[in-house]
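Please keep the sequence and the model in view while reading.

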Amino acid sequence: MIKLLATVKKEILLLIRDKVGLSILFLMPMVLIFVMTLIQDSAFKTMNEKGIPIVFVNNDNDSLGILIEAGLRNNDLCTFHDSIDGKPATVELALKAVGEGKFLVGIIIPKGATEAIRKNVAELVSETMNGEDSAVQKLNQLQDSVEITIMIDPVAKKSFLISVTSSLREFISEVKTRIMFQTFSDQIAEVIPDKQNAPKNSYKKSQIIKYKEIYASKSEDKIVPNAVQHNVPAWTIFAMFFIAIPLSGSILKEKNEGSVFRLLTMPTPYLLLVNGKIIVYVMVCLIQFALMLSVGQIFLPMFGLPALVLGNSLAGIFILALATSFAATGYGVMVGTLAATEHQAAIMGSLSILLLSALGGIWVPSYVMPEVMRNISAWSPLNWSLEGFYKLFLRGGHVTDILLDAFKLMAFFFATMYISYLYNRKKRTV
Amino acid sequence: MNDPVIIEIQNLTKTFKGATEPAVDGISFSINRNEIFGLLGPNGAGKTTTISILCGLFPPTSGRVLIDGKDLHTELSSIKNMIGIVPQDIALYPTLSARENLAFYGSMYGLHGKDLKDKIENWLQKLGLIDAAKRQVSTYSGGMKRRVNLIAGVLHDPKILFLDEPTVGVDVQSRNVIIDHLKEINALGTTIIYTSHHMEEAEHFCTRVSIIDHGKILIQGTPSELISNNAGSINLENVFLNLTNRKLRD
């Protein structure tokens with residue numbers, strides 16, 4: 001026990017004296033969380049608050065154009081522009097400006113669009129009243145007869161554009177339908193003797209289908225998925241695994257500075273010396289974790305971001321954080337054992353963690369990965385940890401929900417220790 | 001009464017994996033209690049391999065080693081308690097102070113509390129390091145580091161002390177202090193096994209030497225015996241060069 005305490009004390013002293021190492025361990029991850037969360041949140045905020053820059057060319061100058069323009073002007077999704085560099089927007093200017101990236105989307109309402117709708121609806125009503133069979137067919141043709149052009153900046157990401165353009169399509173379609181309905185009502189009113197009973201603007205009042213979005217969380221608290229809830233656990237895990245670099249560096253320093261030579265001749269098992277390192281670095285990981293949570297709960301809200309909601313299970317968080325710390329520390333011991341030099345360990349450690357984090361869904365969520373990558377992702381310890389934290393932070397899970405993830409992380413720790421043991425044994429049987 | 005022999009080596013051979021020649025080739029010799037035994041030889045002669053086996057760093061390919069009557073193969077952990085090593089490289093943590101380094105290494109030998117503290121202070125005082133004891137080792141001169149390196153190997157009063165080039169790269173003053181204290185340790189009952197390229201130092205320091213080359217022992221005896229038995233030799237360096245020839249070694 002005295003030997004273990006002495007080893008722990010020595011590791012703490014070495015760590016405290018290594019100012020660069022300390023900044024890598026504590027400061028860099030906090031900065032990383034700040035930057036990544038602020039960037040992602042502000043990107044969403046910019047789109048949500050400031051809106052997507054849209055240029056609008058209204059060649060219709062009638063109901064359809066006016067309604068869409070009014071709608072876009074009042075829509076939070078976009079910032080409305082109907083002029084480009086001080087000149088009224090034309091099709092050519094809009095195409096050029098969108099192509100140059102000045103606007104993300106351009107919308108062109110063709111000349112006579114409203115008139116075309118009215119004319120088509122009038123014909124439709126007349127045919128319906130006369131009982132002609134071609135009425136339904138005519139309705140389909142009508143929807144194609146007015147062509148609204150949506151121009152898109154080719155640089156914009158496809159996934160983003162899909163959500164933007166589908167919202168726009170939905171909105172334009174609603175306006176079109178409203179005009180059609182209004183025209184339809186007017187036409188019917190013409191043929192109904194009692195005009196008092198004719199339907200007027202009833203479309204506006206009616207909303208046939210309503211949508212309600214809820215998050216399928218077990219939590220009694222309202223956990224809203226946002227950049228903080230996603231980023232804080234993801235980058236915390238990433239930073240915890242980056243402990244492999246200072247830890248492997250410390251193992252290799254001991255080898256290179258000759259301390260291991262002396263230590264191996266002493267009546268102290270090598271495992272005890274490694275255990276001393278593990279204890280200290282697991283503690284470091286847990287401190288890192290606590291600091292990172294404090295960033296999410298205290299510091300990020302100071303920058304106008306939502307506070308991190310921890311969910312229902314503090315015990316679950318502790319168990320998972322501890323298992324992640326062991327997995328990260330075991331990985332560091334393995335890298336330090338397998339690498340021959342500090343330089344090798346730094347490259348091996350950082351690249352492998354980047355790879356494991358990419359596979360683990362830290363950078364891109366694993367659910368958007370192709371199936372093959374998703375299957376590989378399920379083998380990354382960072383993914384086990386991330387999934388566990390998502391269960392706690394987003395789905396309101398409890399201890400029982402994360403036990404399997406914690407078990408897998410501990411199994412990973414024991415596997416890395418066993419590999420290190422085998423490699424050391426092989427090296428000593430020279 | 002104790003057996004006068006403290007280390008007995010019988011047909012010790014070590015062939016490293018992939019090597020065509022053995023690094024140590026069937027050597028046998030014994031070292032008596034309280035001797036200062038010099039293991040001398042050019043680079044690649046097999047000195048460090050022999051000492052590494054005796055310290056239990058790796059096992060021999062064949063042969064037997066008895067240390068204080070205990071078999072190295074079967075009783076390594078109890079043997080480790082009685083040996084100390086001062087490696088050629090400075091095996092210290094540069095960012096720890098001398099005191100912190102010594103406290104850690106002393107603890108690894110099972111020392112603790114007042115006993116450990118007193119031993120550290122006593123040695124720091126003896127080797128003139130007490131004023132610098134709080135400073136990080138990285139700020140020390142080469143001679144100061146060598147002295148701390150020595151203390152780390154002797155703090156637990158080992159029965160047997162292995163010294164691998166203990167005075168390499170230090171000034172004359174530090175060398176004298178180190179040699180004087182090694183003699184003092186020896187006088188208190190510690191057997192010393194010493195390797196060096198410094199023949200003059202070995203000649204005056206060792207009670208008996210063995211010259212080794214290509215993994216075999218070439219000659220063994222007291223320095224004066226070796227000099228007188230080798231015609232034309234006036235010192236140990238002459239004997240060494242005559243036996244190992246003057247060709248450069250890698």
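The model described here is predicted. With 16 C-beta neighbours inside 10 Å, His214(B) counts as partly exposed, because that class lies between the cut-off of 12 or fewer for exposed residues and that of 20 or more for buried ones. His214(B) is placed in the loop that runs between strand 9 (208-213) and strand 10 (216-221) of chain B.

The backbone of His214(B) has a phi near 50°. This value is positive, and the residue is other than glycine.

In the loop between strand 4 (62-67) and strand 5 (70-71) of chain B lies Asp68(B). Its phi is near 50°, again a positive value in a residue other than glycine.

Asp68(B) has 19 other C-beta atoms within 10 Å. A residue needs 20 or more to be buried, so Asp68(B) is classed as partly exposed.

## The contact between chains A and B

Chain A gives 21 residues to the contact, and chain B gives 27 residues. On the side of chain A that touches chain B, the elements that give two or more residues are helix 1 (2-17) and helix 11 (259-264) of chain A. Helix 1 of chain A supplies the largest share of this side, seven residues.

By residue type, the side of chain A that touches chain B comprises ten nonpolar, four polar and seven charged residues.

Terms used. Residues are numbered from 1 along each chain as its sequence is written. Chains are lettered from A and ligands numbered from 1 in the order in which they are written. This is a predicted model: local features need pLDDT of at least 70, side-chain atom pairs count only at pLDDT 80 or more; totals for chains, interfaces and linings use all residues. Helices (H or I, at least four residues) and strands (E, at least two) are DSSP runs, numbered from the N terminus. Two residues are in contact if their C-beta atoms, placed from the backbone, lie within 7 Å. Ala, Val, Leu, Ile, Met, Phe, Trp, Tyr, Cys and Pro count as nonpolar, Asp, Glu, Lys and Arg as charged, and the others, Gly among them, as polar.
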